[in-house]
Amino acid sequence: MTAFAFPRSALTRRAALAMAAAFALAGCTNLGGGTPPAATGDIHVMTSGGFTAAYNELRPGFERSTGRSVKTAYGASMGNASDSIPSRLGRNEPADVVILARPALDALVAQGKVVAGSQVDLVRSSIGFAVRKGAPKPDIGTVDALKRTLLAAPSIAYSASASGTYYETELLKKLGIEDQVKPKSKRILSERVGTVVARGDAALGLQQVSELLPIEGIDYIGPLPAEVQRVTVFSAGVATASKQPEAARQLIRYLNAPAAAPTIAKTGLEPMSAR
């Protein structure tokens with residue numbers, strides 16, 4: 001049977017059109033913008049708890065659109081716990097992207113652990129309270145109500161990261177109840193505050209709202225009153241030890257793209273790209 005032959009020029013045009021269509025489709029799946037890099041290796045991310053819920057929702061889309069696998073390590077923005085981000089970087093664990101509270105990120109830049117100028121602000125995060133599921137929800141709607149609730153609580157859990165640092169070094173002093181409340185407050189290392197509250201090891205828990213909402217077995221009460229609220233900006237940067245800095249920057253663009261904002265907002269954070 002004789003094969004039907006296209007003229008050579010027609011084949012060239014068809015091949016060019018097919019290639020252009022393929023590139024266009026790839027571009028549509030690249031939420032972060034730009035041409036996806038070749039999938040030549042894993043991207044290593046270290047992220048703190050405040051951005052974890054949003055990150056876990058967004059990561060699979062990035063992997064699908066780029067063909068890259070993203071490996072993740074979780075830890076606190078600050079502190080000397082063995083799994084905190086500063087401790088992990090100090091042990092030279094692999095990292096391309098780090099996501100943590102902006103002051104802690106800037107400290108890592110000063111230490112030479114993160115590339116200067118690579119910082120990108122992703123979200124604003126507020127602090128809130130939770131109790132064990134089904135327990136009475138105390139009033140924290142005003143500063144006076146918050147003081148009464150903290151004084152009455154038999155035990156309080158707070159994080160070892162940004163929200164907990166604010167609680168133990170500033171908030172209790174502002175409220176004038178440090179001497180009465182701090183002795184019954186417990187700093188939680190390497191675990192979510194909500195998990196501690198859910199199993200009954202603390203009556204009241206304080207942490208970033210985005211870290212409380214995903215925890216089963218607790219009831220979220222609400223945020224700190226505006227007068228004493230501490231909003232933390234969580235940001236991403238490229239690790240100086242990154243072996244794939246361009247891929248790291250692409251992931252950061254993806255996380256900060258306007259199309260990511262609705263997913264981020266669902267987790268109790270305010271996306272900076274929407275401001």
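Pro 154 sits in the loop that joins α5 (143-152) to β6 (156-159). Helices (H or I, at least four residues) and strands (E, at least two) are DSSP runs, numbered from the N terminus. This is a predicted model, where local features need pLDDT of at least 70, side-chain atom pairs count only at pLDDT 80 or more, and totals for chains, interfaces and linings use all residues. Residues are numbered from 1 along each chain as its sequence is written, and side-chain values use heavy atoms, with hydrogens and water left out.

**Pro 154**
- Pro 154 is exposed, at 64% relative accessible area (buried is under 20%, exposed over 50%, partly exposed in between; 1.4 Å probe, protein chains only).
- Beyond neighbours within four places in sequence, Pro 154 contacts Lys 184 and Ala 203 (heavy atoms within 4.5 Å).

**Helices α2 and α10**
- α2 (residues 49-66) packs on α10 (residues 245-256) at about 120°, with axes 10 Å apart.
- That angle makes α2 oblique to α10 (under 35 degrees is roughly parallel, over 145 roughly antiparallel, 65 to 115 roughly perpendicular, the rest oblique).
- The α2 side of the contact includes Phe 51, Leu 58 and Phe 62, and the α10 side includes Leu 251 and Tyr 254.

**Glu 170**
- Glu 170 belongs to helix α6 (residues 162-175).
- Glu 170 is partly exposed, at 30% relative accessibility.
- Not counting residues up to four places away in sequence, Glu 170 touches Thr 165 and Arg 230.
- The C-alpha atoms of Glu 170 and Arg 230 are separated by 10.0 Å.

Terms used. Axes are lines fitted to C-alpha atoms, for helices over the stretch in contact, and angles run from 0 to 180 degrees between N-to-C directions.
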